[in-house]
Amino acid sequence: MSDTPKEMDKDLPEHNTKRKREKEDGSAQPVKVKERRKIEYFIETEVEEIRGANPLKKKRRRKKISDIVSSTPQPAVPADLQNMIIQHFKHERSVIELEELKLPDSCFLESNDLTHTLSSYLKQVCRKWVKLCKNHTENKSVLMLIICSSALRALEMIRLITTFKGDHKVIKLFAKHIKVEEQIKWLSKGAVHLGVGTPGRIRNLIDRDGLSLQSLKYVILDWNWRDQKLRRLMDIPEVKQETLKLLETSIIPACKTGQVKLGLF
């Protein structure tokens, strides 16, 4: 027969005493140890997984132009342009083709030493300007191209050459608010002596046969001037790309014939 409730009650003290004794002598400990080990194992594994994870890569801080620009600006020299041309095309051209892109020193005008205004610089390097203008009668061509980084800078340069250009005609060769068809029309109407603009639009006009280099004598790169972000002509990627392309396809071949001189302002 099964134990009666009373008999079970009598056994309870003995059962409780037995459990108490097991606690004291540690016989019940293995169960708790196993559970603790499981917990500890889980925690350690989690820590190992975190430690084994790929560490976050440190972001490399890109140098700002303000970090590079020295306190004392250095004027550009022909070697600066020559080195830039070689570095830009060295992975795209053969050794022979790179040699073709090198210009002899005789192709360069005296560079601006940063003491000149634009007018005073042009007067120094283009001493035959007035005579050239008198003899210039060809349409679609200019005697001088001034290449700069933006339309705003082009407008500023046109104002800066007032004393140099005199009464001779100047044309704006940039894309802002001016259609290429309009510029082609202006160039075809009569002789224009001086063009000021951006390399992309100048190259576009040449490709479309709207601008001829037949009468061209001088090309001036607005090299040293910096905008509000301290960027020069060759510091702006898209402008640099267009300038080097224009030099490669049109200006360098013309310089090598002895027809054109190149200046860095």
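Because the model is predicted, local features were taken at pLDDT of at least 70 and side-chain atom pairs at pLDDT 80 or more, whereas totals for chains, interfaces and linings use all residues. Residues are numbered from 1 along each chain as its sequence is written, and side-chain values rest on heavy atoms, with hydrogens and water left out.

The protein contains 12 helices and five strands, where helices (H or I, at least four residues) and strands (E, at least two) are DSSP runs numbered from the N terminus. Of its 265 residues, 35% count as buried, a term that denotes under 20% relative accessible area, with exposed being over 50% and partly exposed in between (1.4 Å probe, protein chains only). Among contacts in the protein with a separation of 6 or more, 74% are accounted for by residues 24 or more positions apart, contact being defined as heavy atoms within 4.5 Å.

In soluble globular proteins, nonpolar side chains tend to be buried together. Here the largest nonpolar core has 41 residues, and those with the most contacts inside it are Leu81, Leu211 and Leu262; such a core is a set of buried Ala, Val, Leu, Ile, Met, Phe, Trp, Tyr and Cys residues joined through side-chain atoms within 4.5 Å. At least two residues of this core come from each of helix H4 (78-89), strand E1 (144-147), strand E2 (170-173), helix H10 (180-189), helix H11 (199-207), strand E4 (218-221), helix H12 (237-256) and strand E5 (261-264). The most is given by H12, with eight residues. When neighbours within four places in sequence are left aside, Leu81 is in contact with Phe108, Leu221, Trp223, Met234, Leu247, Leu262 and Leu264.

Just after H11, Asp209 takes a positive phi of about 65 degrees.

Two packed helices are described by the angle between their axes and the distance between the axes. H10 and H11 pack at an angle of about 65 degrees, with their axes 11 Å apart; axes are lines fitted to C-alpha atoms, for helices over the stretch in contact, and angles run from 0 to 180 degrees between N-to-C directions. In this contact, Val180, Gln183 and Ile184 of H10 meet Arg201, Asn204 and Leu205 of H11. The residues of the contact divide into three nonpolar, two polar and one charged, where Ala, Val, Leu, Ile, Met, Phe, Trp, Tyr, Cys and Pro count as nonpolar, Asp, Glu, Lys and Arg as charged, and the others, Gly among them, as polar.

Most residues other than glycine have a negative phi, and most peptide bonds are trans. Lys140, in the loop between helix H7 (129-135) and E1, has a positive phi near 65 degrees and counts as partly exposed at 28% relative accessibility. His177, in the loop between E2 and H10, likewise has a positive phi near 65 degrees, and is exposed, with a relative accessible area of 75%.

Ala76, found in the loop between helix H3 (65-68) and H4, counts as buried at 2% relative accessibility. Although Ala76 and Phe265 are 189 residues apart in sequence, they are 7.8 Å apart in space, C-alpha to C-alpha. Neighbours within four places in sequence aside, Ala76 is in contact with Ser111, Trp223, Asn224 and Leu264.
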